[in-house]
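Hello,

Here is the structure I promised to pass on to you. My notes on what turned up in it follow below.

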Amino acid sequence: MNLSVSVNINSSIDQVWRAITDIHNCDKMINGIIGLTILEQPESGLVGLKWQETRLMFGKEAVETMWITECQEQVYYCTRAENHGAIYITKMSVQQLEDQTVLTMTFSGSSDSFWIKVLSSVMSLFIKKSMMKMLQADLEDIKHYVENQSN
């Protein structure tokens with residue numbers, strides 16, 4: 001599964017980057033996150049930052065352990081999560097467009113497990129639609145947060 005959503009934010013790339021890399025406080029920015037615990041903090045930079053994120057998904061709490069695997073300052077960073085044989089990669093990228101910043105979230109999921117592949121193919125339309133809504137909601141929350149910080 002590969003998904004991508006974007007939002008234009010009326011703010012500088014510096015402010016958007018600062019917000020999306022403030023992982024310690026993203027539960028205050030994104031309504032879908034109901035809990036967050038930092039597990040590992042690198043001495044410098046973002047690569048190696050590891051945390052547990054709790055969300056309410058499909059009426060139940062879901063906890064994912066995520067970590068940043070790569071980063072190009074003020075361009076993008078990638079996170080990875082693994083759960084029940086599935087691997088999830090999320091890329092957050094920013095691009096300046098005149099007086100706005102385009103924030104894009106790209107999500108991909110894969111698996112080596114036969115049963116996860118079968119389940120994914122059966123549930124793909126439902127999962128894809130739900131994931132698109134969740135990703136777009138996250139971006140809208142970030143947009144709202146950043147634009148309110150700018151004022």
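**Overall layout**

The protein has three helices and seven strands in its secondary structure. Please keep in mind that this is a predicted model. Read from the N terminus, the order of elements is β-α-α-β-β-β-β-β-β-α. Of the 151 residues in the protein, 35% are buried. Among contacts with a separation of 6 or more, 50% are between residues 24 or more positions apart.

Helix 1 has I13, V16, W17, A19 and I20 as buried residues. These buried residues line one face of the helix, because they fall within an arc of 160° when viewed down its axis.

I20 comes up again in the largest nonpolar core, which counts 32 residues. Which residues touch the most other members of that core? They are I20, Y77, M92, L103, L139 and I142. As a general background, nonpolar side chains in soluble globular proteins tend to be buried together. Leaving out residues up to four places away in sequence, M92 touches I20, Y77, L103, L139 and I142, and also V75, Y76, T104 and M105.

**Strands and hairpins**

Strand 3 (residues 50-57) and strand 4 (residues 60-72) run antiparallel and are joined by eight bridges. Within this pair, E53 is placed opposite E64 of strand 4. The two strands form a hairpin with two residues between them, and F58 in the turn has a positive phi of about 55°.

Strand 4 also pairs with strand 5 (residues 76-83), again antiparallel, through six bridges. Here C71 sits opposite Y77 of strand 5. Three residues lie between the strands of this hairpin, and Q74 belongs to that loop. Q74 is not a glycine, yet its phi is positive, at about 60°. Most residues other than glycine have a negative phi. With a relative accessible area of 30%, Q74 is partly exposed.

There is a further case at E98, in the loop between strand 6 and strand 7 (100-111). E98 is not a glycine either, and its phi is positive at about 55°. Is E98 buried or exposed? Its relative accessibility is 76%, so E98 counts as exposed, the cut-off being over 50%.

**Two residues to look at**

T90 lies in strand 6 (residues 86-97). Its relative accessible area is 13%, and T90 is therefore buried, as the value is under 20%. Apart from neighbours within four places in sequence, T90 is in contact with Y77, C78 and T79, and also with M105, T106 and F107.

H24 is in the loop between helix 1 (13-20) and helix 2 (26-29). At 40% relative accessible area, H24 is partly exposed. Not counting residues up to four places away in sequence, H24 touches L36, I38 and Q41. The side chains of H24 and Q41 are joined by a polar contact of 2.8 Å. H24 and T37 are 13 residues apart along the chain, and their C-alpha atoms are separated by 7.9 Å.

Best wishes

Key. Residues are numbered from 1 along each chain as its sequence is written. This is a predicted model: local features need pLDDT of at least 70, side-chain atom pairs count only at pLDDT 80 or more; totals for chains, interfaces and linings use all residues. Side-chain values use heavy atoms; hydrogens and water are left out. Helices (H or I, at least four residues) and strands (E, at least two) are DSSP runs, numbered from the N terminus. Buried means under 20% relative accessible area, exposed over 50%, partly exposed in between (1.4 Å probe, protein chains only). Contact means heavy atoms within 4.5 Å. A nonpolar core is a set of buried Ala, Val, Leu, Ile, Met, Phe, Trp, Tyr and Cys residues joined through side-chain atoms within 4.5 Å. Two strands pair if DSSP finds at least two bridges between them. A polar contact is a pair of N or O atoms within 3.5 Å; within protein, one must be able to donate a hydrogen and the other to accept it, and residues adjacent in sequence count only if both atoms are side-chain atoms. The arc is that of the directions from the helix axis to the C-beta atoms.
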